[in-house]
Amino acid sequence: MSLADELAKQQRSISVAEFFERNKHLLGFDSPTRGVITTVKEAVDNALDACEEAGVLPDIYIGIRRQTADSFRIIVEDNGPGIVPRQIPFVFGKLLYGSRFHQIRQSRGQQGIGISAAVLYAQLTTGVPTLIISRTGADTRARRLEILIDIESNEPRIVSDEEMEWDRTHGTRIQIEFKSSLASKKRLIEYLKYSSVVNPHARIRLELDDETQLFDRVSDEVIACPKPIKPHPHGTEIGQLRRMLSHNSSPLQEFLTGSFSRVGKKTAEEVCRKASLDCTKDSASLSPDEQKRLIEALQATKIPPPPVAVCLSPIGEELITRGIEKEFELDFIRARTRPGSVYSGQPFLVEAAIGYGGKLPPEGNATILRFANRVPLMYQQGACAITQSIAGINWKTYGISQSGLPTGPLLVLVHVASTSVPFTSESKDAIASIPEIEKEIVLALQELGRDLKLYLSRRDRNRLQEDRARAVCAILPDLAEKVAEIVEETPPDISPIEGRIMRKLVARKRTRKGSVSLEISNYTQNRVDVALYDLSGDEASDAVPAPDFTTRMEDEFTKVWKISIDPTHSWVARYSGQGGGAIELRGMDPRDVVVVDLDE
Amino acid sequence: MSKKETDHEATRKLVGIARAWYDQMVTGLVPSISLPTRTKQNIAYDDESEVWKYGDKESIRSAGSAKSALHLLKMSFVIWFLKKQIAENRSSTLRELYYISEGWKKAKFQAQDESNFLIEDLEILTDMQREAFHLRPEEDGATIFGPLKLREATRRGSRDIHCQDDVGEAGYQIPTNVENIEFLSHDARFVIAIETGGMYARLIENGFDSQHSAILVHLKGQPARSTRRILNRINDQFGLPVVVFTDGDPWSYRIYASVAYGAIKSAHISELLATPKAQFVGVQPSDIRDYNLPSDKLTEKDVAALRSELTDPRFCSPYWKEQIELQLALNLKSEQQAFAARGLDFVTREYLPARLSAMGII
């Protein structure tokens, strides 16, 4: 027997499932710890995609419970449209089975590999089948399936299948058990937090053993589901073209206008002319050489970029800002959505945001939030085009220190949305270095950097003013004391002066010879709206201006004025009475208010 | 004004400053004071008193800024100290005041200049001289030699002194507080103020005082307040003409200007210190040319000083313009004692008599 015959005995096809079993790292299951995150990520991505398609506000529940020392049960439940029963085994029990692979539009999942890989991983580590419950509407009952994957054939194996009662009217629940650890719990929470930032319309509830955490929605707007578009000629390769031609038997011009976006009659004629092909020739009858001429002509013809607005759904500057605001307490947030652009015929757009100060760590590298099609990228930060673009910017221009990456209390968010995000690998951890995308990222961040610089210089100026004011306030008490010693009187109360210098609201009450005066001076830089409460034994029936209302409690009268005062202005009320009691200002941070009682 | 009255007035005015601040603070105002701006740009000629005084420009020091707040704090400590010093009938020098501030923590002075400047502020605010606060300058006054009889109130009682008969070769030492001197009588035709000790001694040795009935006053360079005050008083009380004899360089012209018109630093008391009728004898730039005096070349600083004098309102007269421009053209300067090149008696026998008669003094 020849060696070739020997070898032939061992040569056979490899099932996808088998391949995956050996190459778990390619799909993000390289370690038990990472497995939890990948599973949750895939399930949540599917849930968000499904809700988006159905036009409902996502309500997602995630439960993670320890079963044995090293195995966990993970439950992800959504209020999406549900899955029709006959598809359930394939969606969860067959790798590379999905609805979005053949569509050109922005979506989180694409290949239909993620969740089934989790099912397979569960099967490989614990052998426990995955439980799916799904219901498509109020008029049907829920379906409950237990599924395994036949590794050799990459086909689902149904362990049990029954109908059941479920309190949700529509939605899907998946329950997976596998060996793992919760060593990366922090990262899991981070993942959900970041997801919540770019999906501000979603409510995500996490139950981790006995801990619960809610990432609530800040927007009640259902996001518009991006519509699929036809492929753009510039992004089409010969293989794809051949496939398209073989499925289609029509005149060439009709084929071109009907199969590609942005190709009209005139463009189709131009392409045919360039390829020296007859417009009326049957598209299915092209010879390989003619096909080659056609693809070359398609690439060489000037064709407008694909319709970005249709197939992409940017988060928007306002929602990004609100999303960051709700998850991070910051002093400054600014977001920018760049206009759409194209790389290799694929539409994409970049959104970015910069946050500063607040509770961010004051030292060390900036917090970087990377997103692709609204999905947080959690691993391989260094290999990602986003990180490289950030490091390539001269942050010192914007008043931020830098050692490679910018440092200090800074948050940088970059979201790349595209019909096909160019990832470096199937685990979708990092975006590949594409010059068109990098350029857009840099432009967005530079625009934001300029805003940040403006904010920082303004803040520094305010801080300088405050430092000066503080310096004055450190000297004033000594001055008051010394001056009082010279004139042989008791030291004056200098808090109103301090209020003036520190730019606060100063309220004074003074009673002299049976006349009470209440004065409020606004030394802040803004108009203030406050309520003044004056509690004393005086009824103040002759007060000018009259209080907005007065309440009586035995011998005590509470007079309330609602007041608006412009900066540098004062407000005064007078009435006859004996004074005493107390005054209080409501509606302002007490730190910005100085109340002085000058009653003797 | 008696000493008791002066003490009372000084205390009243000092406490008045603090009182104003106190009232400001009680009414919720940021304490502040207003002072004239003390620069060359803000001195103006006062026609009535014929001296240069501070103009209308005022700067407000408000405790709203940390620097000014600290200034006010230091001022309050000084007022507090002076009030106590006057009440206890004690006195101190400006230098001592600077050292006393060591214990004032935040209100401590960083340099002697700072405390001197602050005392001048108080003089302006109270319209009184620092002597009224029982403060003495460090420098001693210069000396006088000539036919003048005066009475000085000393710690050991009052003394009558004749400034030729009762003094040694060096003359009568002017005390720091000239207000303690009373002029009794004189037998003089004019007063000559001399910049350098060498020339002062030359005039005494040559008997210039008795020959020409002159009162010699040694300025000792830039004259102390007490020296300027005594010239002002002699001129005022006896109506004697005052002439100033200095070196022939830009710095010496400033000595003359401070005698005649007052100094920028003390423009608030120009009326008390300046002698507007004082005349400049020399050495004039034209003397350098006419007598062919031994001379030195002007330095860069000399030239800059001369140019600055051309814009100084105190030198804004045809005479000074001509002399300064001549000197810039000659590019030379000479000392008083350069006349010795023509013999030790030349200055008293030839130069001064000729120059003084040309000026109409003798």
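Two residues are in contact if their C-beta atoms, placed from the backbone, lie within 7 Å. I wrote that down before anything else, and I also noted that this is a predicted model.

**Entry 1: chain A as a whole**

I started with contacts in chain A between residues at least 6 apart in sequence, and found that 70% of them join residues at least 24 apart. Next I looked up the elements of chain A, which come to 15 helices and 24 strands. Of its 600 residues, 41% count as buried.

**Entry 2: a sheet in chain A**

In what order do the 8 strands of the open sheet in chain A run? I read it off as E5-E4-E3-E6-E2-E1-E7-E8, with mixed pairing. Strand E5 (155-164) and E8 of chain A are the edge strands, as each pairs on one side only. Ignoring direction, neighbouring strands of this sheet are turned by 15° against each other on average.

**Entry 3: following the strands**

I took the E1 and E7 pair of chain A next. Strand E1 (residues 59-66) and strand E7 (residues 203-208) of chain A pair in the parallel sense over 6 bridges. One bridge I picked out joins Ile64(A) to its partner Leu208(A) in E7(A).

On to the neighbour: E7(A) pairs with strand E8 (residues 211-215) of chain A in the antiparallel sense, over 5 bridges. Here Arg205(A) has Leu214(A) in E8(A) as its bridge partner. The hairpin of E7(A) and E8(A) has 2 residues between the strands, and in this hairpin Asp209(A) takes a positive phi near 50°.

I then checked another antiparallel pair, strand E3 (residues 130-135) and strand E4 (residues 142-150) of chain A, which are joined over 5 bridges. Opposite Thr130(A) I found Ile147(A) in E4(A).

**Entry 4: helices on the sheet**

Which strands does helix H3 (residues 32-54) of chain A lie across? My list has E1, strand E2 (71-78) and strand E6 (171-179) of chain A, and H3(A) runs at about 10° to E2(A). Helix H6 (residues 185-198) of chain A packs on the sheet too, touching E7 and E8 of chain A. The direction of H6(A) makes about 170° with that of E7(A).

**Entry 5: chain B**

I moved to chain B and found 13 helices and 17 strands. Buried residues make up 41% of the 362 residues there. For contacts in chain B with a separation of 6 or more, 72% are between residues 24 or more positions apart.

Buried residues in H2(B) include His71(B), Lys74(B), Phe77(B) and Leu82(B). After H2(B) comes Asn89(B), with a positive phi near 55°.

What do the buried residues of H2(B) pack against? I found helix H1 (3-26), strand E4 (58-62) and helix H4 (112-126) of chain B, together with H14 of chain A.

**Entry 6: where the chains meet**

Methods
Residues numbered from 1 in each chain as written. Chains lettered and ligands numbered in written order. Predicted model: local features only at pLDDT ≥ 70, side-chain atom pairs only at ≥ 80, totals over all residues. Helix = DSSP H or I, 4+ residues; strand = E, 2+ residues; numbered from the N terminus. Buried ≥ 20, exposed ≤ 12 C-beta atoms within 10 Å, placed from the backbone. Pairing = 2+ DSSP bridges. Axes fitted to C-alpha atoms, helices over the stretch in contact; angles between N-to-C directions.
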